[in-house]
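Trainee: Could we read this model together, taking one feature at a time, with the general idea before the particular case?

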Amino acid sequence: MKLLVYSTKEFELENLKKANRNKHRITYVTDALDSTTATLAAGHDAISIFSGDDASMVVLEILKELGVQYITLRSAGYNNVSIESAKRIGLRVANAPDYSPHDIAEHTICLLLALNRKLIRAHTQVQHYNFLLNDLMGSNVYGKTVGVVGTGRIGSILVKLFHAFGCNILACDLAHNHFLENQYDLEYVGLKELCKKSDIISINVPLTHDTHHMFNMSLFELMKEQVVLVNTARGAIVHTKDLIKVLKSGKIAGYATDVYETEKGIFFKDNSITGIEDEQLKALIALPNVLLTPHQAFVTQEAQKSVAETTIYNLDCWEENRSCKNELDYESLLL
Ligand code: NAI
């Protein structure tokens with residue numbers, strides 16, 4: 001199969017080449033997919049895209065016209081792909097759902113602990129030989145009530161990790177995981193109740209029409225004073241403008257995040273020379289109670305090996321006419 005890999009990052013190449021074993025004919029480009037770069041896919045059977053690529057209806061129609069038949073995502077999230085349009089025009093789409101959810105869960109814990117224990121400030125201070133403790137007062141996780149919003153692959157690992165920390169765990173999900181309820185004293189509650197009762201809230205739902213701006217002022221107002229919010233899912237699940245208000249007012253003690261609402265075009269690039277124009281992002285980064293990483297939770301040796309292998313697996317299935325367990329079927333996504 002002829003595959004064009006969009007948005008190739010240097011660190012992905014070795015694993016992709018290794019997983020492919022020269023089987024499929026792969027071309028790598030660093031360009032992100034959008035309506036202008038879609039034409040690069042001419043002559044390819046399949047494309048591979050990343051979470052920042054634009055696979056909306058218009059782009060999919062161009063790809064289809066060019067003869068592309070398959071799209072394999074090097075990400076678990078697929079909010080950037082119009083699955084409905086793909087299905088309608090006969091483009092088959094698969095993601096990489098199982099790639100190391102542990103790595104994302106671990107990054108969530110890293111963010112939370114680093115924010116709570118002011119690790120970044122401590123590190124910066126110490127580099128200037130300032131060993132004072134005055135600005136380093138932290139808070140612990142033990143005994144706290146943690147609300148996990150979304151107990152899918154990543155959220156369910158977080159439930160286990162928070163249980164090991166000695167937390168009381170509340171969760172909210174469309175489907176209840178009875179194993180987690182029985183093994184980890186997890187209690188499913190509605191989102192509002194979770195927000196009212198939690199000291200720490202972790203966002204682990206996908207970005208959909210229903211979850212877009214799910215966390216906005218009306219939910220923030222229900223939350224406990226000094227709650228800490230962690231988001232390793234998608235930026236647009238949080239209404240950033242409202243969030244900045246409650247971070248400034250001190251209602252929310254801290255926001256630790258790996259994602260940002262309008263990260264497209266800014267993240268995955270070095271903007272250190274040119275700077276950025278997104279005033280909202282600048283305001284967010286400037287807040288002392290915000291810790292933001294550049295969508296890096298998936299950047300581990302293990303996750304990258306797994307995503308490369310899944311990419312090749314998806315192509316193999318399609319080429320050999322086997323059913324592909326990662327294929328995204330619009331109808332089943334509606335259930
Ligand atoms: P998953 O599909 O296994 O779990 C998502 C859970 O959210 C499911 O249990 C689902 O029922 C629940 N859910 C969906 N809509 C809901 C709603 N409206 N209310 C309550 N619950 C709802 O997904 P997984 O693998 O756990 O990943 C979650 C998200 O994390 C991905 O969609 C992706 O956006 C993000 N992600 C971020 C990464 C990063 O590098 N920061 C890497 C991988 C995933």
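Trainee: Does Asn 22 count as buried or exposed?

Mentor: Relative accessible area sorts residues into buried (under 20%), exposed (over 50%) and partly exposed (in between), with a 1.4 Å probe and only protein chains considered. Asn 22 has 76% relative accessibility, so it counts as exposed, and its place is in the loop between H1 and S2. Helices (H or I, at least four residues) and strands (E, at least two) are DSSP runs numbered from the N terminus. Please keep in mind that this is a predicted model, in which local features need pLDDT of at least 70 and side-chain atom pairs count only at pLDDT 80 or more, while totals for chains, interfaces and linings use all residues. Residues are numbered from 1 along each chain as its sequence is written, and side-chain values use heavy atoms, with hydrogens and water left out.

Trainee: What is the phi of Asn 22?

Mentor: Most residues other than glycine have a negative phi. Asn 22, although not a glycine, has a positive phi of about 60 degrees. Arg 21 also has a positive phi, near 50 degrees, and is likewise a residue other than glycine. Arg 21 lies in the loop between H1 and strand S2 (25-28), and at 71% relative accessibility it counts as exposed.

Trainee: How many aromatic pairs does a search of the whole structure find?

Mentor: A pair of aromatic rings is described by the distance of the centres and the angle of the planes. Rings of Phe, Tyr and Trp (its six-membered ring) pair if their centres lie within 6.5 Å, and planes under 30 degrees apart count as stacked, over 60 as edge-to-face and the rest as tilted. The whole structure holds six such pairs. In one of them, the ring centres of Phe 11 and Phe 298 are 6.5 Å apart and the planes stand at 50 degrees, so this pair is tilted. Because Phe 11 belongs to helix H1 (residues 10-20) and Phe 298 to the loop between strand S12 (290-292) and helix H12 (301-319), the pair ties together parts that are 287 residues apart in sequence. Phe 11 is partly exposed, with a relative accessible area of 36%, whereas Phe 298 is buried at 3%.

Trainee: Which residue forms an edge-to-face aromatic pair with Phe 298?

Mentor: That partner is Phe 268, with 6.5 Å centre to centre and 75 degrees between the planes. This pair, too, links distant parts of the chain, since Phe 268 sits in the loop between strand S11 (252-257) and helix H11 (279-286), 30 residues apart from Phe 298 in the loop between S12 and H12. Phe 268 is partly exposed at 35% relative accessibility. Phe 11, Phe 50, Phe 268 and Phe 298 form one aromatic cluster.

Trainee: Which charged end sits over the ring of Phe 268?

Mentor: A charge sits over a ring if NZ of Lys or CZ of Arg is within 6 Å of the ring centre and within 35 degrees of the ring normal. Over Phe 268 it is the charged end of Lys 9, 5.1 Å from the ring centre. Elsewhere, Lys 325 lies over the face of Tyr 313, at 5.6 Å from the ring centre.

Trainee: Which of the 22 residues around the ligand come nearest?

Mentor: A residue is near a molecule if one of its heavy atoms lies within 4 Å of it. Of the 22 residues around the ligand, Arg 153, Ile 154, Asp 173, Thr 232 and Asp 258 come nearest. By class, the shell has 10 nonpolar, eight polar and four charged residues, where Ala, Val, Leu, Ile, Met, Phe, Trp, Tyr, Cys and Pro count as nonpolar, Asp, Glu, Lys and Arg as charged, and the others, Gly among them, as polar.

Trainee: Where does a polar side-chain atom of Asp 173 lie?

Mentor: A polar contact is a pair of N or O atoms within 3.5 Å; within protein, one must be able to donate a hydrogen and the other to accept it, and residues adjacent in sequence count only if both atoms are side-chain atoms. A polar side-chain atom of Asp 173 is 2.6 Å from an oxygen atom of the ligand, a polar backbone atom of Ile 154 is 2.9 Å from a ligand oxygen atom, and a side-chain N or O atom of Arg 234 is 3.4 Å from a ligand oxygen atom. The protein covers 85% of the 870 Å² of accessible area that the ligand has on its own, by the Shrake-Rupley method with a 1.4 Å probe.
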